[in-house]
2 protein chains.
Amino acid sequence: MKSDLHRLMAENELDAIWVIGPAAHNPPMVYLTGGGHITQADLILKRGEKGVLFHGPMERDEAARTGLITRSYSSYPFAEFLKEANQDRFRASVLRLKRMLEDLGLTRGRVMLFGQYDAGVAFALFDALQKELPELSILGDVENKVLQQAMLTKDREEVERIRRVGQKTVEVIDLTADYLRSQRLKGDVLVDAQGEPITVGRVKRLINLWLAERDLENPEGTIFAIGRDAGVPHSSGKAEDVLRAGQTIVFDIFPCETGGGYFFDMTRTWCLGYAPGAVEKLYEQVLTVFHAVSSEVRVHGHFRDLQRRTCELFEGMGHPTVLTQPQTEVGYVHSLGHGVGLNIHEKPVSGLMASPEDDVLLPGSVVTIEPGLYYPDQNMGVRLENTVYLAPDGKIETLADYPLDLVLKLKG
Amino acid sequence: MKSDLHRLMAENELDAIWVIGPAAHNPPMVYLTGGGHITQADLILKRGEKGVLFHGPMERDEAARTGLITRSYSSYPFAEFLKEANQDRFRASVLRLKRMLEDLGLTRGRVMLFGQYDAGVAFALFDALQKELPELSILGDVENKVLQQAMLTKDREEVERIRRVGQKTVEVIDLTADYLRSQRLKGDVLVDAQGEPITVGRVKRLINLWLAERDLENPEGTIFAIGRDAGVPHSSGKAEDVLRAGQTIVFDIFPCETGGGYFFDMTRTWCLGYAPGAVEKLYEQVLTVFHAVSSEVRVHGHFRDLQRRTCELFEGMGHPTVLTQPQTEVGYVHSLGHGVGLNIHEKPVSGLMASPEDDVLLPGSVVTIEPGLYYPDQNMGVRLENTVYLAPDGKIETLADYPLDLVLKLKG
């Protein structure tokens, strides 16, 4: 967790970490500043010291609110560096960064770089800076040993934030179910009181509304996919698709706190009115596996072992899986789950090839459990997903729950 | 505009551009794919050819919808590269990218890299790839000569999308004004029918709701800042602040299409009930300058000249400005405006030190005009902002308009 950061820096022989970019929707910056309206900043955290936030002069109040030591970019007037660089703007930017590092006494040793940024500019900029400061090693966290490792476990405050997002998410799922149940059928098409067909786009708009009412954002969109689309795990659903009775709807919702904060992730699969036999059977199989693997989650266990177990259970039921057919597009085609935090997908991972450090289920982790079966050519797919917390005392807690029922009976 | 891209590639002697990262909230990827639910992709556009999109196997439908040539990552099984790299995951990633480039015949020449990505990983990854492919120059667009240059002017479809966001934004501003006017005062505090004070947080939540109802997202948040905060241009306003009569409220709203599409940007300054003399005077001065510089926008003009003109006008009224006091935090403290598109801030820029290619107001540009005056220690600030389109025929069009009035008279 966050309090591990200085220890992780020591273990990785780092003298500092350096986060660049905006605060909003930039997980490393949110992690270390708490978020807020900061357009562009450099945050440098030296090992064992308090962090320093370089910020634009107009954002001094927001910067002050982070509790970090603040320094305005206005103390580094670009005009001066332009002059020094003979009007070469790129070189002036490099010289300014160099000066900032010099002022912090960070010109040798090892610094690791984080933050969402334009990949090409980052490559060019830090390549040039590296040449200016040959005694400083500028590194990227390609093995996710520092920040992702810290984020792997959550402190109490983080878990409570995720739980609150989960509670609100469940409210929105319930509103969605209620909305659908309140409509009626015309043939097999779901229509409103005026006889207008209900489309995926209309439902998604309502979901966004209900999320906004609860101070949640939906930066990654919602998966609300029916029929063939439900059979393709990451198909998000076509706005113009009309909802029909007896077809599987995969509803996967993953909002976050406003401004790009903590996420929550949940999936239910619904059939309006009734479920055909083949769908019912598929659902029962996913439900069985969902319960089985959920009950086998253990602190200090390995996510990969649960993935293998999920594959074996599904194969025992006669489905192809990624265990024996890595490229299958039918049956069980993805991995069992992932960590959830400031990133919708973060460590631990559950791929069959995951390394032991990446897939260990440490106390303090928050992960999804989401088995599913997919048969797009039969117009069906089923996935069930909860987000669970592995508490320090070993208890496994579902952070927000909602009935797993398949069929949404219409009220009319 | 988008159709200039291959020409800009030729002018910059590029053989290809390469965009990495997700589609959502990643402007280069949205620009070239149209958006959609793509978690992670590589898009390679060779000069004079159709683009190729490498995508995850689960996102094949979304990938197909982009109209690009698609290739699934599943054709590049990671296990094979891991083996080749002796289980070194980082090196396996590099080898996989190398193979993808080889398959496109892109192993020499010049390729420019774009896309939001972790800066440190990008630096490490492309540094290693560069060493693998010494005849290929991997470049970053540090001078913004390619994609930002293309984005500098908008085609008809883009302008219509921005205009639609503008119309919806104006609806939300009007709803906000109406909501505030419908409350009443208790002393100088704005309260609702139950006598509860109206806070900045409550207003912002409503704004998000009204935006969501219109299929808009608000990834950067809203500035709704009162009193001293109104005097600090980028202070976004504290949620717990109570609205009071006679204080300036700077309301700067900049939503975008759902999923990270086109933005719009507008600012109004309001006083509830009445405006004190000092505020009235400040407002009249900003209004005068707003009208003056708005009427002086010309295609092929330079934004920097308008910025200088704005400073001179404000200095003539006795205010400090960045022209003679670059670090001033009172008076006119920022630049006049910026381009608006898939980025809330893009080219052209209006800083006094802008280069002539960066600040030219080409036909087809969409820019903001937003003069303001700030006196935080006097608890006041005023900014007025419109987004305007410089049409190919030379006409300057305000894309969405709303009354500029300062005082919101309460109905009660």
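Colleague: Hi! What should I know about the numbering and the model before we start?
Modeller: Residues are numbered from 1 along each chain as its sequence is written, while chains are lettered from A and ligands numbered from 1 in the order in which they are written. The model is predicted, with local features needing pLDDT of at least 70, side-chain atom pairs counting only at pLDDT 80 or more, and totals for chains, interfaces and linings using all residues; side-chain values use heavy atoms, leaving out hydrogens and water.

Colleague: Great. What order do the strands take in the open sheet of six in chain A?
Modeller: The order is β4-β3-β2-β1-β5-β7, with mixed pairing. Strands here are DSSP runs of E with at least two residues, helices are runs of H or I with at least four, and both are numbered from the N terminus. Two strands pair if DSSP finds at least two bridges between them.

Colleague: And which are the edge strands?
Modeller: β4 (69-72) and β7 (136-140) of chain A, each of which pairs on one side only. From one strand to the next, the twist averages 20 degrees.

Colleague: Which strands does helix α5 of chain A lie across?
Modeller: Helix α5 (residues 89-103) lies across β1, β2, β3, β4 and β7 of chain A, running at about 30 degrees to β2(A). Axes are lines fitted to C-alpha atoms, for helices over the stretch in contact, and angles run from 0 to 180 degrees between N-to-C directions. Contact means heavy atoms within 4.5 Å.

Colleague: What about α6 of chain A?
Modeller: Helix α6 (residues 119-132) lies across β1, β5 and β7 of chain A, at about 155 degrees to β7(A).

Colleague: Switching to chain B, what is the strand order in its open sheet of four?
Modeller: It goes β11-β12-β14-β22, again with mixed pairing. The edges are β11 (223-226) and β22 (407-408) of chain B. Helix α8 (residues 156-181) of chain B packs on this sheet and touches β11, β12, β14 and β22, its direction making about 10 degrees with that of β14(B).

Colleague: How do β12 and β14 of chain B run, parallel or antiparallel?
Modeller: Antiparallel, joined by six bridges. I249(B) stands opposite W270(B) there.

Colleague: Last topic: how many cavities of 30 Å³ or more turn up?
Modeller: One, from a search of the whole structure. A cavity is a set of points on a 1 Å grid over the protein atoms alone where a 1.4 Å probe fits but cannot get out, and lining residues have an atom within 4 Å of a point.

Colleague: What is its volume, and which residues are closest to its centre?
Modeller: The volume is about 210 Å³, counted as the space filled by probe spheres set on the points, with grid points joined across faces, edges and corners. Of the 16 lining residues, A212(A), L216(A), E217(A), A212(B) and L216(B) are the closest to the centre. Helix α9 (200-213) and strand β10 (216-217) of chain A, along with α9 and β10 of chain B, each give two or more residues to the lining.

Definitions and conventions: On a 1 Å grid over the protein atoms alone, a cavity is a set of points where a 1.4 Å probe fits but cannot get out, and a pocket is an open set with protein on both sides within 12 Å along at least five of seven lines; lining residues have an atom within 4 Å of a point.
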